[in-house]
Amino acid sequence: MAQCCSPKPAATTFLRHPPNSPRISTLFTLPAIPSSSTKFPSISLLSPCSRRRSFPVAAATAAVDSPPEISDHEDGKRHLLEVKDLTAVIAESQQKILNGVNLTVYEGEVHAIMGKNGSGKSTFAKVLVGHPDYEVTGGTVTFKGQSLLEMEPEERSLAGMFLSFQSPIEIPGVSNADFLNMAYNARQRKLGLPELGPIEFFSHVYSKLDLVNMKMDFLNRNVNEGFSGGERKRNEILQLAVLGADLAILDEIDSGLDVDALQDVAKAVNALLTPKNSVLMITHYQRLLEYIRPTYIHVMENGRIVKTGDISLALVLEKEGYKAISTA
Ligand SMILES: Nc1ncnc2c1ncn2[C@@H]1O[C@H](COP(=O)(O)OP(=O)(O)OP(=O)(O)O)[C@@H](O)[C@H]1O
């Protein structure tokens, strides 16, 4: 495991909104940038190490050094993600948000998490990628046979986890193409794979633009600057297509999308699905589930998954609301 706060060739960076907004919005693996660099003039690059008060190691010791999981699925599939009794608090206030989440995702599956506003869905997603606003207080998480909670956010990303955030941020002064190229090369470097120069990368990314129905000029625009809500969401999926992932966690990719954009985004996500990778998507609407068919739907309430079912569960919720399944 990488030593926290030691010099690294690459750093996973939580990019913050401007100072008056405390919400961290996105996670990428970027090359280390010298403090004197003018490359990202208006973004504060915050090492997760600098904010994390207690990295959630103790809770995960049971899974340390465990060998890759042997399948216990009837079809012989391996599980990608196994979450057991996960509890977490907001680091600053110590307010408990996750109250014992249990979830197993096998390769090739699509899981949807639904639930009332404030039930803990986004917090769960952010805890999975190691967001420094939260501390894990109990439970274990295994990702591809390794203890996820032992990994730095950067390692989680390099291990194949991708989170598309609910509100993707702008990065003024950095073109989309440069940003994607940097993130792509940082990952290639870490994995010991060949990097791509700007021209080679352009042809790599060009083939992905079609997938999300984005015009080429979006590559030359600054990351998300002036993008509409729908364009930002498409851009998130473009990042997923360029970087690839074993587990893509998509937090409300459907919010703010018109019908055509929703179909484009869903088509792109479906095109990226293989029997080996999985999607965990958070959504409020059954509409998205018509396009990206989930293997399971889970309902979160008060920081726990209280109900799991198939697509019919979403239909019940659409018709009767959460009171139909509430345990409160
Ligand atoms: N960093 C934070 N600081 C303060 N409160 C937080 C923080 N993160 C989460 N919370 C609180 O934790 C609760 C769960 O938030 P979360 O965003 O996970 O809910 P959600 O289920 O994703 O909601 P929604 O459907 O509205 O997006 C909310 O009450 C939220 O205000």
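Trainee: What pLDDT does the protein average?
Mentor: Happy to start there: this is a predicted model, where local features need pLDDT of at least 70, side-chain atom pairs count only at 80 or more, and totals for chains, interfaces and linings use all residues. Residues are numbered from 1 along each chain as its sequence is written. pLDDT is the predictor's confidence in each residue, from 0 to 100. At least 70 is scored by 76% of the residues, and the average is 78.

Trainee: Which helix gives the most to the shell around the ligand?
Mentor: Good one! The ligand is surrounded by residues including Gly115, Lys121, Ser122, Thr123 and Asp133, where near means a C-beta atom, placed from the backbone, within 6 Å. Helices are DSSP runs of H or I with at least four residues, numbered from the N terminus. The one giving the most, with 3 residues, spans residues 121-128 and is helix H2.

Trainee: Which residues does isoleucine 249 touch?
Mentor: Ile249 is one of the residues touching the most other members of the largest nonpolar core, which has 65 residues. Leaving out residues up to four places away in sequence, isoleucine 249 touches Ala125, Leu128, Phe162, Leu163 and Leu280.

Note on methods. Helices (H or I, at least four residues) and strands (E, at least two) are DSSP runs, numbered from the N terminus. A nonpolar core is a set of buried Ala, Val, Leu, Ile, Met, Phe, Trp, Tyr and Cys residues joined through C-beta atoms within 7 Å. A residue is buried if 20 or more other C-beta atoms lie within 10 Å of its own, exposed if 12 or fewer, and partly exposed in between; C-beta atoms are placed from the backbone. Two residues are in contact if their C-beta atoms, placed from the backbone, lie within 7 Å.
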